Amino acid sequence: MAKVYGAVTIDDKRCKGCDLCVVACPTDVLQLQPKEVNDRGYHYAFTANPGACIGCAACATVCPDACIEVYRFVNRGE
C-alpha cells in the first residue's frame with residue numbers, strides 16, 4: 001500500500017509568527033522559533049519534526065501571508 005509523505009518549506013523572512021500553521025498541523029511538524037527572529041522582528045515558524053509530515057497542506061491553507069509550500073511524495077513500496 002502506498003504511503004504519502006510531505007515536505008514543508010517556509011519563507012521565514014516573510015513569516016510573521018501568527019502561530020496559525022502550528023495550530024493547524026495535525027502531526028505537530030511545525031513550531032515557532034523560540035529564540036531567533038527574522039528581519040522583521042517576528043519569531044518565525046520552522047519544521048521541528050519534518051519526518052512526521054503527511055502532506056495534508058493544512059498549514060499552507062491557513063497561512064494568511066502564503067509563506068508555506070507543501071510538497072507530497074508517494075512511496076509505493078516498490
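Q: What share of the 78 residues in the chain is made up of buried residues?
A: In this predicted model, buried residues make up 24% of the 78 residues in the chain. A residue is called buried when its relative accessible area is under 20%.

Q: Why is Cys-53 called buried?
A: The relative accessibility of Cys-53 is 9%. The cut-off for a buried residue is under 20%, and Cys-53 therefore counts as buried.

Q: Why is Cys-56 called partly exposed?
A: Cys-56 has a relative accessibility of 39%. Buried requires a value under 20% and exposed a value over 50%, with partly exposed in between. The value of 39% lies in between, so Cys-56 counts as partly exposed.

Q: How many disulfides does the structure hold?
A: The structure holds zero disulfides. Cys-53, for example, is in no disulfide, and the nearest cysteine sulfur, that of Cys-59, is 6.6 Å away. A disulfide needs two cysteine sulfur atoms within 2.5 Å.

Q: Is Asp-28 buried or exposed?
A: Its relative accessibility is 55%. A residue is exposed when the value is over 50%, so Asp-28 counts as exposed.

Q: Which phi does Ala-57 have, and where is the residue found?
A: Ala-57 has a positive phi of about 65 degrees although it is not a glycine. Ala-57 is found in the loop between β3 (45–47) and α2 (58–62).

Q: Is Ala-57 buried or exposed?
A: Ala-57 has a relative accessibility of 18%. Since buried means under 20%, Ala-57 counts as buried.

Q: How many cavities of 30 Å³ or more does a search of the whole structure find?
A: The search finds two cavities. About 70 Å³ of space lies in the second largest cavity. That cavity is also lined by 14 residues, and the closest to its centre are Cys-25, Cys-53, Cys-56, Ala-57 and Cys-59.

Q: How many charged residues does the lining of each cavity have?
A: The lining of the largest cavity has three charged residues, together with ten nonpolar and one polar. The lining of the second largest cavity has no charged residues, but twelve nonpolar and two polar.

Q: How many helices and strands does the chain have, and in which order do the elements run?
A: The chain has two helices and four strands. From the N terminus on, the order is β-α-β-β-α-β.

Q: What share of the contacts between residues at least 6 apart in sequence joins residues at least 24 apart?
A: The share is 62%.

Key
Residues numbered from 1 in each chain as written. Predicted model: local features only at pLDDT ≥ 70, side-chain atom pairs only at ≥ 80, totals over all residues. Heavy atoms only, no water. 1 Å grid on protein atoms, 1.4 Å probe; cavity = no way out; pocket = protein on both sides within 12 Å on 5 of 7 lines; lining within 4 Å. Points joined across faces, edges and corners; volume = space filled by probe spheres on them. Nonpolar A, V, L, I, M, F, W, Y, C, P; charged D, E, K, R; others polar. Buried < 20%, exposed > 50% of the residue type's maximum accessible area, 1.4 Å probe, protein only. Contact = heavy atoms within 4.5 Å.
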